[in-house]
Amino acid sequence: MKISLLRFFAATCLSLSATLVSRAVIEAYPRPYVFPASTTYSLSVDGVSVPVIKFDGGYDYAHFSRVSGSMNLSVTLLSGAITQWAISPAKLGITPTVSGSTMAFTLSQERYLIIAMNGLRRLVIAIDPPYTKPASSGAGIYNVVASPFNAPNNGSGWATSGIQGAVDAAHNAGGGIVYVPSGVYYVGNLTLKSNVHLFMEPGAVFRFHGTPANYTQDAFKSSQNRWLSWWIKTSVGANNVKIYGRGTLDGNAAYSIANYNFACNIVVPLGCSNFTMDGILVRDAGTWGIIPARSNDLLFTNLKMFNSLNLGEDDGIDVNESQRVVVRNAIGIALDDPFTTKTWAGTGITVNWPGSPEVVDDVLFENCVSYTYCYGFKVGQGINQPQSNVRFVNGTVFSASIGIGVDAKWGTADANAIRFESIDIERVPTFNAGHRVWFHSIIQNADGLGGSDVFSVYLKNINVRDDGTTAGAIHGYSAGRSFDTITFENIRMPGSTTRATTLGQMNITDVVNATNITVK
């Protein structure tokens, strides 16, 4: 009897120990009061409730950090039983258990997921990796809510002077950490300076208000017929600048456009070097959200760009005239292009950029998820200065009108050494400018200056789950402005168990002014 009891207690302890070990430790971020709770979904992870936010841009989202362990996620549909579902990226092969109104599945590492149920608005779950939170006070720490800065974080007034004062104090001391506690801060223009690292706690929100009198008017975008402000920018020549943590930068575009026809570029690394942005959520941009301009040595990691599927030209990140840029582990959602590179002429949105026009060179987009009505991953449209060595690697196009491609619409410079590798294209369900296809590249000469040359484009290990309904294209403008040396290797088309061996098998039938095309 004693032996049986001992065995029972031993087995019970082992089972309890295994259960404890298997439970994840997570950090659920608080829901800022200015963002409404979802009325469609709830989420818990190993019994810990994670707030789900309803976003008027067309979907709901939740975000939290994994600290350790495998995560057991439980998503509940608040309106009844789950009858249809899908989890993306599909390549992850996540197979949940569905019972009634609840979907459950386990993840062993951080992921950015898009979940569909019953044809309703989608749920985006952004799981961030562990991170290190600095001290909130002490030597080298400039807490924006503490004296002498006293920035209000309850929406009761403008926090601009307090936050900028903390930035200036850190910079003047030779560098330091500007610490932003949880709360809602209404913020005018901020200028980040050398050796300043801005840390945002989970639940910390900088919110753009949109009243033009409280912001600089930095560029007029004629295609949108509105003035834009560079909301959070670097000083020209700044070095070693960082925005990090788990906070939110809210462009508040739906409000500011409706009330003032005014919007902002949310983050503008401008003429700077050694800039880092890590773990931040950027949402509701009314125009290009993040625009590195004439800068070098930039790193964007664990980036969430949640823009509207109802507002045009709300790109996620447009790498402009910059060199040695890495965008890694990111999700971009927008009606317009989430991930792209550009070089523009000195007019319109670029007219006030400092210095002379620069090239785009050595840009890597790696492990990114794209959800859009336009291109999933794209080079262009502006190619006024050369673009070279741009790579899109290990990405997922969840939904787009055009999965991947080069769009040389404006400019006469060359684009070369463009690479799309290990890309999974799930859906191309929408039309944009008459196109609905997995691959489309074109030289347009829209400005009448003659068009660009595009050469050395390499596509490798592309898994096409949906090839669309229109013709894929390699369409040069003329014999003198054309595509040259385009290589396809290991392209797998929907319904096929073998690799494509011809352009026809890849549905690329619009081929004009293009030479040296190889299918491996």
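Before we look at strands side by side, one term: two strands count as paired if DSSP finds at least two bridges between them. Also keep in mind that this is a predicted model, so everything below is computed from predicted coordinates.

Start with strand 21, which covers residues 239-245. Strand 17 (residues 196-200) runs parallel to strand 21, and four bridges join the two. Now carry on from K242: its bridge partner in strand 24 is T276. Strand 24 spans residues 273-278, and it is joined to strand 21 by five bridges, again running parallel.

Next, look at an open sheet with antiparallel pairing, built from five strands in the order 3-2-6-9-8. Strand 3 (48-50) and strand 8 (97-99) are the edge strands, each pairing on one side only. On average, neighbouring strands here are turned by 25° against each other, direction ignored. Inside this sheet, strand 2 (residues 41-45) and strand 6 (residues 71-77) are paired in the antiparallel sense through five bridges. Here S44 stands opposite S74 of strand 6.

There is also an open sheet with parallel pairing, and this one has seven strands, ordered 27-29-31-33-35-37-39. Which strands stand at its edges? They are strand 27 and strand 39 (508-512); each has a single partner strand, so one side of each lacks a neighbour in the sheet. The twist from one strand to the next averages 15°. At the strand 27 end, four bridges join strand 27 to strand 29, the two running parallel. V319 has T341 as its bridge partner in strand 29.

K342 and D318 form a salt bridge, with 3.5 Å between the closest N and O atoms. K342 belongs to strand 29 (residues 339-343) and D318 to strand 27 (residues 317-320), so the bridge ties together parts that are 24 residues apart in sequence. Is K342 buried or exposed? The cut-off for buried is under 20% relative accessible area, so K342 counts as buried at 3% relative accessibility. D318 has 0% relative accessibility, so D318 counts as buried too.

How many salt bridges does a search of the whole structure find? The count is 19. Another of them brings the side chains of R328 and E366 together, at 2.7 Å from N to O. R328 sits in strand 28 (residues 323-334) and E366 in strand 30 (residues 360-372), so this pair links parts that are 38 residues apart in sequence. R328 comes out as partly exposed, at 29% relative accessibility, and E366 is likewise partly exposed, at 25%.

D453 and R481 make a salt bridge as well, their closest N and O atoms being 3.7 Å apart. D453 is in strand 36 (residues 453-464), while R481 is in the loop between strand 37 (472-475) and strand 38 (483-492), so the pair ties together parts that are 28 residues apart in sequence. R481 is partly exposed, with a relative accessible area of 26%. Elsewhere, D128, R246 and K304 are linked in a network of salt bridges.

Another lysine to click on is K221, found in strand 19 (residues 219-221). K221 counts as buried because its relative accessibility is 10%, under the 20% cut-off. Leaving aside residues up to four places away in sequence, K221 touches R226, L228, T287, W288, E313 and I349.

The largest nonpolar core has 90 residues, and the members that touch the most other members are F206, L249, M277, I404 and W438. Pick I404 and look around: not counting residues up to four places away in sequence, its contacts include Y375, F377, V397, F420, W438 and L459. A second, separate core holds 25 residues, among them V45, M71, V75 and M117. As background, nonpolar side chains tend to be buried together in soluble globular proteins.

Note on methods
Residues numbered from 1 in each chain as written. Predicted model: local features only at pLDDT ≥ 70, side-chain atom pairs only at ≥ 80, totals over all residues. Heavy atoms only, no water. Core = buried A, V, L, I, M, F, W, Y, C linked by side-chain atoms within 4.5 Å. Buried < 20%, exposed > 50% of the residue type's maximum accessible area, 1.4 Å probe, protein only. Contact = heavy atoms within 4.5 Å. Salt bridge = Lys/Arg side-chain N within 4 Å of Asp/Glu carboxyl O. Axes fitted to C-alpha atoms, helices over the stretch in contact; angles between N-to-C directions.
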